[in-house]
Amino acid sequence: MKAFEKNIRKVEPYVPGEQPQHKVIKLNTNENPYPPAPGVKEALMNMDVDRMRLYPDPTAGNLVHTLAEYYGVKDEQVFVGVGSDDVLAMCFLTFFNSDKPILFPDITYSFYKVWAELYRIPYECPALDDNFRIVKEDYYKENGGVIFPNPNAPTSIYEDLDFIEDILKHNQDVIVIVDEAYIDFAGKSAIELIDKYENLIVVQTFSKARSMAGMRIGYAISNPILIKYLNDAKYSFNSYTMNQTSLICGVEAVKDKAYFEEQVQKIVDTREWAKEELRALGFEFPDSKSNFIFVTHPKFSAKKLFEALKKANIYVRFLGGARIQEYLRISVGTREEMEMLISFLKEYMKENKGEK
Ligand code: PMP
């Protein structure tokens, strides 16, 4: 090791899912199989390219206002960023500055650990129970902050608002972040609790239910005081996080509520159909309330299945790691895509006896 290397900040980075550049059935990164709202395309076509000379609005005012109206909150209660990854990273930087460990589940979005390491934030990871449920009592102890997704990823399990409130009640002296990347496929959002709990931050994204992973838009909703702290950190880091195109397209996506609800319903219907089919093939999985299903099979190795699927140009996610070595995360695609997945699995199971 060269002497100068000892002062380099070394991190073990997050590994994103593959983005193959050839055509595949892509069920590996929880994207939406449907296009964004028609208004997004129209806005793009009508975009004034000359505006690209100028910096975008640093406050992202239009987008912030559109989201605030949509959720019935004030503009000062909304913070936007480059995907919820950016928003969450900013939250870690801003709110998790205690010597006490922050808490998040042992099986959860693997980026939390990466940010904690990057920012040198101490952390502890209480284990999910045997059914992959968060044990709320594990979050009653002293800590430097709490974060978890609801529904959790990759387990797909949604907990109701009583559960969230219980965690909030036991953690009034620290910031609690609920990462709702998949909430639109699940149930009630914790946004309705923000007036009641001044330490609560809810983070959502345009990447899943709004079909805009490629535009990178995420947001946090909280009270004006916490949003101000987030903005202070943002303006100390990069004033122009959101690009002009995303700002314009994001507004259009939020405006079309009917289209949004229709696409979400289609995905939920396909998910429920896929669950039945997978169950009939002997797969086991927690009851998904997300746009993905976290499956294991008593006879077939997850890794081998993953590889066989990939060979057939069907991409799913094998995360590996403790307790989930035998699991695959399968995003819910179109009904046709899921039918192709199921018929591949049927064939595979006929031809292979199973390794276990
Ligand atoms: N939170 C969770 C739980 C996720 O699964 C993801 C998707 N990888 C994100 C946040 C980040 O999504 P994005 O940055 O696309 O908004």
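Partly exposed means a relative accessible area between the buried limit, under 20%, and the exposed limit, over 50%. Glu31, with a relative accessible area of 25%, is therefore partly exposed. This is a predicted model.

Glu31 has a charged partner. Its side chain meets that of Lys26 in a salt bridge, at 2.7 Å from N to O. Lys26 has 21% relative accessibility, so Lys26 also counts as partly exposed.

## Overall build

The protein has 10 helices and 11 strands. Its radius of gyration is 21 Å, close to the 21 Å from the globule rule for 356 residues, so the protein is as compact as a globular protein of that length. Along the principal axes, the C-alpha atoms fill a box of roughly 60 × 55 × 50 Å.

Of the 356 residues, 53% count as buried. Take the contacts with a separation of 6 or more: residues 24 or more positions apart account for 73% of them.

## Helix H2

Helix H2 spans residues 61–71. Its buried residues are Leu63, Val64, Thr66, Leu67 and Ala68. In an α-helix, residues three or four places apart point the same way, because there are 3.6 residues a turn.

Just after H2 comes Gly72, with a positive phi of about 65°.

## Charges and salt bridges

The protein carries 44 positive and 53 negative side chains. The centres of the two sets lie 5 Å apart. The whole structure contains 21 salt bridges.

Arg133 and Glu159 form one of them, with the closest N and O atoms 2.7 Å apart. Arg133 sits in the loop between strand E4 (123–124) and strand E5 (146–149), and Glu159 in the loop between E5 and helix H5 (161–169), so the pair ties together parts that are 26 residues apart in sequence. Arg133 is partly exposed at 38% relative accessibility, whereas Glu159 is buried at 6%.

Glu165 and Lys196 also meet in a salt bridge, at 3.0 Å from N to O. This pair links distant parts of the chain, 31 residues apart: Glu165 in helix H5, Lys196 in the loop between strand E6 (176–179) and strand E7 (200–205). Glu165 counts as buried at 12% relative accessibility, while Lys196 counts as exposed at 55%. Elsewhere, salt bridges with shared partners join Arg271, Glu272, Lys275, Asp287 and Lys289 into one network.

Technical notes: Residues are numbered from 1 along each chain as its sequence is written. This is a predicted model: local features need pLDDT of at least 70, side-chain atom pairs count only at pLDDT 80 or more; totals for chains, interfaces and linings use all residues. Side-chain values use heavy atoms; hydrogens and water are left out. Helices (H or I, at least four residues) and strands (E, at least two) are DSSP runs, numbered from the N terminus. The radius of gyration is taken over C-alpha atoms; the globule rule is 2.2 Å times the number of residues to the power 0.38. Buried means under 20% relative accessible area, exposed over 50%, partly exposed in between (1.4 Å probe, protein chains only). Contact means heavy atoms within 4.5 Å. Lys and Arg count as positive and Asp and Glu as negative; His and the chain ends are not counted. The place of a charge is taken as NZ of Lys, CZ of Arg, CG of Asp or CD of Glu. A salt bridge is a side-chain nitrogen of Lys or Arg within 4 Å of a carboxyl oxygen of Asp or Glu.
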